[in-house]
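Me: I'd like to learn how to read a few features in a model like this one. Could you take me through them, idea first and case second?

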Amino acid sequence: MAASGRVEGKVVIVTGAAGGQGAAEVAWLAREGAHVIAADIVDDAPAYPAGAGEVVYRRLDVANAEGWRALIDEASELYGAVHGLVNNAGITHRARLGDVTLDDWNRVLGVNVTGALLGIQAVTPVMPRGGSIVNVGSVAALTAHYTVAYTTSKWALRGLSRVASMELGPLGIRVNAIHPGYIETPMTASAPPAFLEASIRVAPLGRSGTPDDVAPLVGFLLSDESTYLSGAEIAVDGGQSAHGGAKALSDALRAASSETPDVGAQTNGALTESQEVHGRHQ
């Protein structure tokens, strides 16, 4: 039995649960006492570690409304209610603006946005007061990341999350969004090595993230530790989105002046970085 049981007895559906972040979220929730319905498009479930709560796996195409209805009907029969939903399922497509096809555009938005909408619509009737929905966005939704279909889908998910938090608030249901940065998953593993290198450069913490960096935040948002938190968006990106591109400027100036990160160092009469920048703009 888990020592803390932070989601003890809650019934939670996690989509995109066959690997990566989804599998880590399932494992965390089960370890903390939840009964988890893990769902994904693949037929076979992974081997989840044993936890205090049980895990059942069901195949689900999140873009299929009938599939959602069948899943919720089964959840209601098994448990009577669903207390949490994690819309974690997502696909990427790396075509740029001038190259993306309409079929690929619709496919990405169908999973990443429509899938989340259908999940919210299906689960709301069986979710009691105190329920919680977590939509898994991306740092792409905070930037102009070049993957136009994926980035647009995650910006749309931000809008869906905010509308849902407003509409479902009177029912006592909370809705929040999280935005992971570069997390080591099968999805990001298919990216070129240069993308990982660039992602680490722009993250002030100087490393990539892991699914275990994300799962505890999802668990917190599903738990009773966050009962007055709704409509929030939380980046899990090593600080990447916080600097708004300023890190590249700071790094370039530091390299040019051979400065160390010691902000208290004396300049010996030389212009500081701040003075240099202000001087150029006056």
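Reply: A charge counts as sitting over a ring if NZ of Lys or CZ of Arg is within 6 Å of the ring centre and within 35 degrees of the ring normal. Here, the charged end of Arg96 is over the ring of Tyr146, 4.2 Å from the centre. Arg158 likewise lies over the face of Trp155, at 4.9 Å from the ring centre. This is a predicted model, where local features need pLDDT of at least 70 and side-chain atom pairs pLDDT 80 or more, while totals for chains, interfaces and linings use all residues. Residues are numbered from 1 along each chain as its sequence is written, and side-chain values use heavy atoms, without hydrogens and water.

Me: How many aromatic pairs does a search of the whole structure find?

Reply: Rings of Phe, Tyr and Trp (its six-membered ring) pair if their centres lie within 6.5 Å; planes under 30 degrees apart are stacked, over 60 edge-to-face, and the rest tilted. The search finds 1 pair. Tyr182 and Phe195 make a tilted one, 5.7 Å centre to centre with 50 degrees between the planes. Tyr182 is in the loop between strand 6 (174-180) and helix 5 (186-189) and Phe195 is in helix 6 (193-202), so the pair ties together parts 13 residues apart in sequence. Helices (H or I, at least four residues) and strands (E, at least two) are DSSP runs, numbered from the N terminus.

Me: Is Tyr182 buried or exposed?

Reply: Buried means under 20% relative accessible area, exposed over 50%, and partly exposed in between (1.4 Å probe, protein chains only). Tyr182 is buried because its relative accessibility is 13%, whereas Phe195, at 29%, is partly exposed. Leu249, in helix 8 (residues 246-257), is exposed at 60%.

Me: And how do helix 2 and helix 3 pack?

Reply: Axes are lines fitted to C-alpha atoms, for helices over the stretch in contact, and angles run from 0 to 180 degrees between N-to-C directions. Helix 2 (residues 65-79) and helix 3 (residues 102-123) pack at about 35 degrees, with axes 9 Å apart. Contact means heavy atoms within 4.5 Å. On the helix 2 side, Ala65, Trp68 and Ile72 meet Gly115, Leu118, Gly119, Ala122 and Val123 of helix 3.

Me: Which residue touches Val14 and Tyr57?

Reply: That is Ala39, which also touches Thr15, Gly16, Ala17, Arg58 and Leu60, not counting residues up to four places away in sequence. Ala39 belongs to strand 2 (residues 35-40) and is buried at 1% relative accessible area.
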